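I opened this notebook to record a few local features of one model. The entries below follow the order in which I looked them up.

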Amino acid sequence: MGSVSPTFSTLPAGVKVQPTPFRINVAESDIAQFRSLIQQAIIPPEQFYNQHANAATGKFGITRDWLIQARDYWLNTYDWRAQETFINSFPQYKQTVVGPTSGQTFDLHFAALFSLREDVIPIIFMHGWPGSFLEFVPMLDILRSRYTPETLPYHVIVPSIPDYGFSSRPNDSALQELNMEFAAEAMNELMLSLGFGSTGYVAQGGDVGYALARAMANNHAACKTSHLNMFMFTPDQFAACQQEPLTEREEKLLTGTNAWIKQGSAYAYEHGTRPSTIALTLSTNPVAMLAWMGEKFIEWSDNREDGGSRPLSLDTILDGVSLYWFSGCFPRTMWSYRSLVPAIGATAVVQESLSVQKPFGYSAFPVEIGTLPRTWGKKLFGDRLAYYKEHEVGGHFAALQEPENFLDDIEEFVRFIAPKVGLAKGGKSA
């Protein structure tokens, strides 16, 4: 496994179970096979649906030209080892937990920045699909530049959420279906194992991480509050808001959600109803996986020509897909769509069945597939929506595209909410 980076790696004194240091080190034979499969990938000839001028994606999906260029770059220029070295510059660990309710065993991977301060607040950051813990690496890089271990106000925990990336369920647990409540329980157990049960912690999430954060706040006392950058309405919630007029700006915020429901949700139907078929298909070749996942990285990012964020680089997209391939996690990740889309009906709106009573914060980025307008948030949650911030740029992968703005929101929210929810002073590091 190897040792961890010494900076920010001093464990909290109250840690209950010592995590095992971890470093990513993909075998040369796996990289050789990966490259061979990319080289052998067959991309079909030009035809009506796979051509869209001057665009990586269009209404019919990813373009043939983009896929060819991405494949060639992946094969001839892209350097996984360079990314691996950069990731390994951050402390990483493995921790085994058992869910008290599920009885399932989870082998959890996480990156972390641990503080030496006594008045420290733990925060867990959780990603979704097609993302990974890599979404938060730019934020981790900013934090270690902005602070030292002596000044960092937080213990920052960035896991590969259950069954994603380098997190898995060993033995018999892997043969059982996972659901959102059990996965949230595992995330809470991770935080408790690190000694944060007495201090309390903050849960942050978007995409699947949004549902995990809501479940953790709802079901686990140690999770004092949550911050979200995505939201999906239940049918009842949506109906309750229809008589509440939105501002023009808020109407615009919902554009991405409406477009996703009408034209961008086909993948969710497939993941939620035929998880075996799509997983077996895309696991045959990295280029197939790139076409499926790359479309979402592009479409869900803020690529607007009239003042949007910087587009995600091809390297960033390839980093994400490469991690899925090398970790073999794509088939395992389908549980989240079985949970989030439990009943496919007239729409593919993600079901949020939880009624969370604790206060939470929300950051609204303009290019998002599921968002919470402030007016409707106040209608549904009143003062429980304790913090709300709108941004001019940014999309679904906010921590990747706008890491500074994303982090500033988190810091502002935590400073505001910590005294209101009784986040305890942390203990000394070991």
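I began with Phe8, which is buried at a relative accessible area of 5%; buried means under 20% relative accessible area, exposed over 50% and partly exposed in between, with a 1.4 Å probe and protein chains only. I noted a positive phi of about 65 degrees for Phe8, although this residue is not a glycine. Phe8 is placed in the segment before β1 (20-21).

For the record, this is a predicted model, in which local features need pLDDT of at least 70, side-chain atom pairs count only at pLDDT 80 or more, and totals for chains, interfaces and linings use all residues. Residues are numbered from 1 along each chain as its sequence is written, and side-chain values use heavy atoms, with hydrogens and water left out. Helices (H or I, at least four residues) and strands (E, at least two) are DSSP runs, numbered from the N terminus.

I next looked up Asp207, a residue other than glycine with a positive phi near 60 degrees. Asp207 lies in the loop between β8 (201-205) and α6, and it is buried, with a relative accessible area of 9%.

I then turned to helix α6 (residues 208-219). I found α6 mostly covered, with 10 of its 12 residues buried. Among them are Tyr210, Arg214 and Met216.

I also checked Pro130, in the loop between β6 (121-126) and α4 (137-146). The peptide bond from Trp129 to Pro130 is cis, with omega near 0 degrees.

My last entry concerns a helix pair. Helix α12 (residues 286-299) packs on helix α13 (residues 314-327) at an angle of about 135 degrees, with the axes 10 Å apart. Axes are lines fitted to C-alpha atoms, for helices over the stretch in contact, and angles run from 0 to 180 degrees between N-to-C directions. α12 and α13 are therefore oblique to each other; angles under 35 degrees count as roughly parallel, over 145 as roughly antiparallel, 65 to 115 as roughly perpendicular and the rest as oblique. Where they meet (contact means heavy atoms within 4.5 Å), I listed residues including Met289, Leu290 and Phe297 in α12, and Ile317, Val321 and Trp325 in α13.
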